Amino acid sequence: MTSKRNLRAAVCAVCCIFAAAFPLKAAQDAQDAQDAKAFDAHATTFNYFFKDGDMDFHFGTLVLGAAVNGGLEIGEAFYAASHIKDGDAAAWHAQWAALAERVAARGQAALAAGHTVSAREELLRAANYLRFSLISMLPDNPEFLKRGARVRELMRTAGPLFDPPLEYFEVPFEGRALPGYFQPAPGNGPRKTLLMIGGGETFAEDLYFYIAQRAIERGYNFVTVDLPGQGLLPAQGMVFRTDTYKPMKAVVDYVLSRPEVDPGRLAAYGISGGGLFVPQAAQRDPRIKAIAVSSAVVDAHTLFATMPAATATAQDMAAWSSFHSGVVHSICWRYGVDKPTDLVAANKGNTFTPAKVSVPALIIVGQGEYRSQEVRRQQKIAMDGFPNPAKKMVITPSDEGASNHCIMENRTLVGVVLFDWLDTVLK
């Protein structure tokens, strides 16, 4: 009798476990379906350090991803992170700025003593740390422009310490200047060139740490620039626009004026919003001989319409951390709009036509980002429309830590995929 009671109890317990599990599974399935419909550019495949999602995305991708290209030291980065209150924008700003000035002081001392390699390494990291301190900082903060100018000063001080030097330049455009950097590959005569373009939150300095070293090692000149909406340009009234091919033309004019550049082997690579700006320029400018994007943004209007930040309610925004709120409102400033919901309308007409991009085209998209239905849909439109037979799409895998938006967390893999393909199509 006792054994029967025990059996009934065991069966009942199992049934209760399954009854509890099924609602949980259903809820998870529903959440997965919702995640696939939305496009959260700052979603991560796994957690790096912080509980705040936006802070964790920036730390795991923009920050830690820069280590491979001399943009940080792991010990320095985790020391700063360990002193930042989760989700607190002010703490983030303070810790990265303090670290930047400590490292900069060491770099300036090395420079004064004639230790050029040490000076270059320290000054570059200092510039990058100070750049990190600008993430989520609103432009009305008096530190914003001051620190932004200091980032550029540190990079410009480090530039001549390279061989060949990393040069700062400015491209005239509509009465203003588009700032950028050019580093020639070693050698003589015209060389292959990579022009790298960022997206909605980037500074030209970010893109140096993204892939410049990978380009130079493979014999490519490296050039990058801030377009309207990027870097500090919105402070001059130069916000994002739907005809970015116009400033891109001015940039290509400058690049092709350099004797180091082979006009038959100029490639452009765009990440995030650059996945629209680069092909939009290429469909109108035949001087760009190959393009790559991470990933393709065929229509920014429909993509923004699926972003949680751009569709957030007042109740949603009230629950945001100070860090996430600062990031979102900084993007609004770059588009010249007041509210996150205005970002959708600001991108109406912000498109490119794949069928008009006649050059070889490469799409590199992280597996995690590819989960989004809208991202997947736009990659298919691009791949179906690109007419050149040398087109290719590579989905980088989550199990190699290459999953998130822009794949900043595995820049070595991006370099392998990008340059091996470019070497083939730019023969």
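Biologist: Let's start with Arg-147: buried or exposed?

Modeller: Arg-147 is buried, at 13% relative accessible area. Buried here is under 20% relative accessible area, exposed is over 50% and partly exposed is in between, with a 1.4 Å probe and protein chains only. This is a predicted model, so local features need pLDDT of at least 70 and side-chain atom pairs pLDDT 80 or more, while totals for chains, interfaces and linings use all residues. Residues are numbered from 1 along each chain as its sequence is written, and side-chain values use heavy atoms, without hydrogens or water.

Biologist: How many salt bridges does the count come to?

Modeller: The count is 24. Glu-76, Arg-106, Glu-122 and Arg-125 are linked in a network of them.

Biologist: What about Arg-241, which residue does it form a salt bridge with?

Modeller: Arg-241 pairs with Glu-174, and their closest N and O atoms are 3.1 Å apart. That pair links distant parts of the chain, 67 residues apart: Arg-241 is in the loop between β4 (221-225) and α8 (245-256), and Glu-174 is in the loop between β1 and β2 (176-183). Arg-241 also meets Asp-243 in a salt bridge at 2.6 Å, N to O.

Biologist: Then what does the side chain of Asp-52 make a polar contact with?

Modeller: The side chain of Ser-321, at 2.7 Å. A polar contact is a pair of N or O atoms within 3.5 Å; within protein, one must be able to donate a hydrogen and the other to accept it, and residues adjacent in sequence count only if both atoms are side-chain atoms. A polar atom of the Asp-52 side chain also lies 2.9 Å from the backbone nitrogen of Met-55. Leaving out residues up to four places away in sequence, Asp-52 touches Asp-86, Gly-87, Ser-321 and Phe-323, where contact means heavy atoms within 4.5 Å.

Biologist: Where is Glu-374, by the way?

Modeller: Glu-374 is in helix α14 (residues 373-385). Glu-374 is buried at 10% relative accessible area, and its side chain joins that of Arg-377 in a polar contact of 2.7 Å.

Biologist: Now the backbone. Which peptide bond from Asp-163 is cis?

Modeller: The one to Pro-164, with omega near 0°. Asp-163 lies in the loop between α6 (142-158) and β1 (167-173) and is exposed at 75% relative accessibility. Another cis peptide bond joins Ser-294 and Ser-295, with omega about -5°. Ser-295 is in the loop between β6 (290-294) and α10 (300-304).

Biologist: What is the phi of Ser-136, which is not a glycine?

Modeller: Ser-136 has a positive phi of about 75°. Ser-136 is in the loop between α5 (116-132) and α6, buried at 6% relative accessibility. Ile-407 has a positive phi of about 50°, again without being a glycine. Its place is in the loop between β8 (392-396) and α15 (411-425), and at 0% relative accessibility Ile-407 counts as buried.

Biologist: Last one: which residues make the nonpolar surface patch?

Modeller: Phe-49, Ile-74 and Phe-78, over about 250 Å². Patch residues have over 30% relative accessible area and no salt bridge, with like charges joined within 9 Å and nonpolar side chains (Val, Leu, Ile, Met, Phe, Trp, Tyr) within 5 Å. Areas come from the Shrake-Rupley method with a 1.4 Å probe, and for residues only the protein chains shown count as cover. Ile-74 is in helix α3 (residues 74-82) and is partly exposed at 44% relative accessible area.

How values were computed: A salt bridge is a side-chain nitrogen of Lys or Arg within 4 Å of a carboxyl oxygen of Asp or Glu. Helices (H or I, at least four residues) and strands (E, at least two) are DSSP runs, numbered from the N terminus.
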